[in-house]
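Dear colleague,

I am passing on a structure that I have been reading, and below it you will find my notes. Please look through it with the notes beside you.

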Amino acid sequence: MSLISLFSAESLFKKIKKSASNPEASIKNIIKKKPMVFEQIGEKLAFAQFRRAYSFVPAYKEFIDNLNIGQITMFTDFMEKVPEIDKKNYIQKYSLKDLM
């Protein structure tokens, strides 16, 4: 288990936002980190955004539910099962109200 997995996406986002207030220290800290750390952080934040969109955007929830792909419980499920959205398969199919 990685250290990143112990943090919630929200706490990671707050930490990133806080570090932006001191760019010099941020750069020094970034240089010390291994690339895998950034991949893990990115995956966690991306999956959290997926869950938020599924919970709060009616069109996205319907889009995902209509795929009949089962439950998405991990980032790997998201990457393997959820297709990219585009104008044809998503934007043009739903009303502006449901897209927000």
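Predicted model: local features only at pLDDT ≥ 70, side-chain atom pairs only at ≥ 80, totals over all residues.

Is Met 100 buried or exposed? Met 100 is exposed, because its relative accessible area is 66%, where buried means under 20% relative accessible area, exposed over 50%, and partly exposed in between, computed with a 1.4 Å probe and protein chains only.

Residues are numbered from 1 along each chain as its sequence is written, and side-chain values use heavy atoms, with hydrogens and water left out.

As for the overall picture, the chain has six helices and zero strands, and along the sequence it follows the pattern α-α-α-α-α-α; here helices (H or I, at least four residues) and strands (E, at least two) are DSSP runs, numbered from the N terminus. Of the 100 residues of the chain, 20% count as buried.

The aromatic residues deserve a careful look. Rings of Phe, Tyr and Trp (its six-membered ring) are taken as a pair if their centres lie within 6.5 Å, and planes under 30 degrees apart count as stacked, over 60 as edge-to-face and the rest as tilted. By this rule the count comes to nine aromatic pairs. In one of them, the rings of Phe 50 and Tyr 60 have centres 5.9 Å apart and planes at 80 degrees, so this pair is edge-to-face. Because Phe 50 lies in helix α3 (residues 35-56) and Tyr 60 in helix α4 (residues 58-66), the pair ties together parts that are ten residues apart in sequence. Phe 50 is buried, with a relative accessible area of 6%, and Tyr 60 also counts as buried, at 10% relative accessibility. Tyr 90 and Tyr 94 form a tilted aromatic pair, with 5.5 Å from centre to centre and 50 degrees between the planes, and both of these residues are buried.

One aromatic cluster is formed by Phe 47, Phe 50, Tyr 54, Tyr 60, Phe 63, Phe 75, Phe 78, Tyr 90 and Tyr 94. Of these, Phe 47 has its place in helix α3 and is buried, with a relative accessible area of 7%. Phe 47 and Ile 72 are 25 residues apart in sequence, and their C-alpha atoms are 9.6 Å apart in space.

Turning to charges, how many salt bridges are there? The count comes to one salt bridge, by the rule that a side-chain nitrogen of Lys or Arg lies within 4 Å of a carboxyl oxygen of Asp or Glu. The side chains that meet in it are those of Lys 61 and Asp 65, at 2.9 Å from N to O. Because they are four residues apart in helix α4, Lys 61 and Asp 65 are separated by about one helical turn. Lys 61 is partly exposed, with a relative accessible area of 35%, and Asp 65 counts as partly exposed at 35% relative accessibility.

Asn 68 is found in the loop between α4 and α5 (75-81), and its phi is near 50 degrees, a positive value in a residue other than glycine. With a relative accessible area of 69%, Asn 68 is exposed.

Your colleague
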